[in-house]
Amino acid sequence: MSVTSFLVNDLLRRKLQTTLTVLGLTLCVASTVFLLLFGDRVGVGISLMVEGRMTAGFSSIFSPFIVFLAFLIFIVGVVIISFMVFVMMSQRVKDIGLMKAAGCPNNLVFGYFMTELLIVTSAGCFLGAIFGIVADNASISLFQSMGFQISQKPPNLWIVVMIFVLFFILALASGTKPVLEAAKIEPAKAFSPTHHLGLAKEPGFRVVSNSGLTFRIAMRNLSRRASVTIRIVACLSIVFLLVTVAVAGGIIANQTTRSWVEKALGKDIVLIAHRDICSRYKLLQSKFYEAKESPQFNYTEGRYLVPDEILNQLGAMHGLSIETRLFIETQIEEAPGFILGRESGSTTYVGDHRKGFSLIIGVEPGKVFGQWFMEGEFLNESNGLDAVIGDTEAQKMFSMPLNQGIRLHNSTLDIIGVCVDPINNGNITYVPLKTLQNITGTSKPNVVMVKIDTSVNRTYVLNQIKTKIGSLNSEFEVFELNEVLNKDLGFLGYIWSAIMFLPLFSLAAASLCLIGYVMLTITEQRQEFGILRAVGAKPRTVVEIVSEQIFMVLLSSYAAGVVFGIIITLLILIPEPVITEYTVFEIAGWLVIALAATFILSLYPALGFARKPVLDMMAQA
Amino acid sequence: MKMGKGKTVVSAAFLSKTYQTSDIKVEVLKDVNLKIEKGEFAVICGASGSGKTTLLNIIGGIDKPTRGEIIVFGEELSLKDEDFLSDYRCNNIGFVFQAYNLVSTLTVAENVAFPMEWTRKPADNIRKRVEELMETVGLEHRADHFPFQLSGGEQQRVAFARALANDPPLLLVDEPTGNLDTKTSLKVIQMLQKLKHDGKTVIVATHDERILALAEQKLLLEDGRLVSLE
């Protein structure tokens, strides 16, 4: 038999083990490739804001999240591969003993199994890269079918090549040690179950004697095979850490970012404006989830300004709160500021004279419906020369915005706050309405925002408003802002769902890993299970013992992973998280489902094994 | 559930067992007919590979025949499912394996106790029974040791104690002296004598002439066929 056919036959003979290793590696590579391609495509993460979507404030949450998840997925991949190779080699110890007893030198044994490792690693990395690209393409179709424009540029193949090479090298590096150790084992030891199954090793601790028999056996098996137990616990802890960060972080970050959008836009708000202004408003809002060009637009044209009779009629209606706004788009200029050195007392100037276009929104400070997530403070009625700028504008045009000013036409306003706002993708400046009217010489607003009190019949009042506006000026429209709000929230929801979907890959890889562990543990204990069955234990007793072992392994990894995952999410990744009772239950639910799914999947080999004939069990592996 | 009310304990008719690999077919047992009565001490002898262990495995319910009938305590074993056979092995059979087959993760006392735990006996009863059996096999001082800390003879005695734990009506013993030195073998033979004296139904597979001398029914397996030596 040629060397090649020996290797291929050896891999094929252990179909399940080989498949598990290749599949585990495939999932790790695929999830990393998909994560990075997806991050590149939606404009967050690795290539931050490449296509001008998502405001800087949102990206400040998305980016570290994606980078951290990518890092964890990468680590999980390395740990899983190392474990899989360890399991693969552990099951070949006897074969290695046979080869060596037959006179095969160490270097040849090492060569055989390294070549096997090379085949498995190449197959896993190659399939992973392909599946990663396929998943990325599938995500584009999915987003498009949901009505979102996602960049259709070809996948960045450099990312794919980089991940392929990195995983390939790491898999080989982490697999070499167990191969080397196995190749060095003495034939006598390789044959002896007493040695390689740890049968001559007293259990590390005694469990209380009145504990259940199955639990006693399970615990002693875990402690006797300490090295493999520690490996699997470490591996699963990282997986659960990843799952927790993705699930808990995803849910909390989703709620936090949703609350930012909801508060900035306001809920159940009705916008009344000229139909062109309404269209323009939709366009400005859609920049949050779609990269769009906005052609020149003159906001202060006479026909766009809200006539007094509309304002009077609305003011006369019962159950309405009214806010008027003036929107314009114009050039702004950064005004340098200065900071005083605390100890030296010297003055340092910050900023430059950068120029850019911004959406300027004049608001009545005491009446605004929005509540922004912000740094600094919002406008007040007493000072007309203050401004609040959007997060993207602050990042793009200002060095230390809160110490600087903004030049608008010939006026310089002090920046007192930076807010997160999806409109015009964060390129906005809020100023007092009167100030803006003075600067532009416009006496009227071009937008009226109306909030209908919950005490009145919303549908009825809305119809009344529509009738009145229609009769006063047919070019004016009544537009419910919930439509754009839902679009923004939907976009955020889908992005987070896609990110939360990622740990599924890792969870699946971890389940394969656990199945590998269960197969190893069954192989090592098969004779003992056979003895138990021969002396009267039922098949379910075998399943009980294996389940208890799996459960102990899962529980210890779960505890470590979840605790660290929550700490990292809340303390590092999300500033000012929004957490409700419902959030806690939702996170707990998902994490319990993850635990249960992993547990159930990993029982598969035990269920099959428990039904084997007693004599087959008792036969040496 | 204890069985063993009838006079005939084991009855086999045209029992055959064939092992088949991809292209090789090995017929280990060929049309074996056998009857063992209650309280009888039967010995099956034969050369290595003659099928002694296979026959014991089939009687013990851990293997199934390819053809023929095997009735133990009135139950046709080849028709039973795994759950029935587990109960059957636990309550009615004491099996002493040639390789002792002790559970390495359990102490000597636990190895003796665990068949009783399947039957959900009270913990106190189990403890007393273990003490009694450990005394019977002379290993009280080894109760907390693990199997790998015992010699072959000691492991064999633990295997006997475990086989007797549930006081089974039928004891199957496979090559009990095969792996032991002369002195230790004598101890095992003494134990078998005691079991015979106590009226247990015992079937022993062995080459050992000294055990053959104890037999009330002597059977020889030759090329898978059973012949009576009487």
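The backbone oxygen of A:Arg220 sits 3.1 Å from a polar atom of the A:Ser223 side chain. This comes from a predicted model. A:Ser223 belongs to helix H9 of chain A, which covers residues 213–224.

Is A:Ser223 buried or exposed? A:Ser223 counts as buried because its relative accessible area is 15%, and the cut-off for buried is under 20%.

## Chain A as a whole

Chain A has 621 residues, and 56% of them count as buried. Its secondary structure comprises 20 helices and 12 strands.

## Where chain A meets chain B

How many residues of chain A are in contact with chain B? The count is 28, and they touch 28 residues of chain B. Together the two chains bury about 2,600 Å². Carbon and sulfur atoms carry 60% of that area. On the chain A side, A:Leu213, A:Val535 and A:Leu615 lose the most area to chain B. Those three residues together make up 22% of what that side buries.

The interface of chain A and chain B holds 5 salt bridges. In one of them, B:Glu110 pairs with A:Arg216, with the closest N and O atoms 3.2 Å apart. Which elements give two or more residues to the side of chain A that touches chain B? They are H9, helix H16 (482–534), helix H17 (539–573) and helix H20 (614–618). By type, the residues on this side divide into 14 nonpolar, 4 polar and 10 charged.

## The nonpolar cores

The largest nonpolar core has 213 residues. Which of its residues touch the most other members? They are A:Tyr430, B:Val10, B:Leu34, B:Ile59, B:Leu170 and B:Ile203. H16 of chain A gives this core its largest share, 25 residues.

B:Leu170 shows what such a position looks like. Leaving out residues up to four places away in sequence, B:Leu170 touches several residues, including B:Val9, B:Val10, B:Ile59, B:Phe73 and B:Ile203. Its partners also include B:Asn92, B:Gly94 and B:Thr201.

Another core lies apart from the largest one. This other core has 41 residues, among them B:Val43, B:Ala161, B:Val173 and B:Ile189.

How values were computed:
Residues are numbered from 1 along each chain as its sequence is written. Chains are lettered from A and ligands numbered from 1 in the order in which they are written. This is a predicted model: local features need pLDDT of at least 70, side-chain atom pairs count only at pLDDT 80 or more; totals for chains, interfaces and linings use all residues. Side-chain values use heavy atoms; hydrogens and water are left out. Helices (H or I, at least four residues) and strands (E, at least two) are DSSP runs, numbered from the N terminus. Buried means under 20% relative accessible area, exposed over 50%, partly exposed in between (1.4 Å probe, protein chains only). A polar contact is a pair of N or O atoms within 3.5 Å; within protein, one must be able to donate a hydrogen and the other to accept it, and residues adjacent in sequence count only if both atoms are side-chain atoms. Contact means heavy atoms within 4.5 Å. Buried area is the accessible area (1.4 Å probe) that two parts lose on being put together, summed over both. A salt bridge is a side-chain nitrogen of Lys or Arg within 4 Å of a carboxyl oxygen of Asp or Glu. Ala, Val, Leu, Ile, Met, Phe, Trp, Tyr, Cys and Pro count as nonpolar, Asp, Glu, Lys and Arg as charged, and the others, Gly among them, as polar. A nonpolar core is a set of buried Ala, Val, Leu, Ile, Met, Phe, Trp, Tyr and Cys residues joined through side-chain atoms within 4.5 Å.
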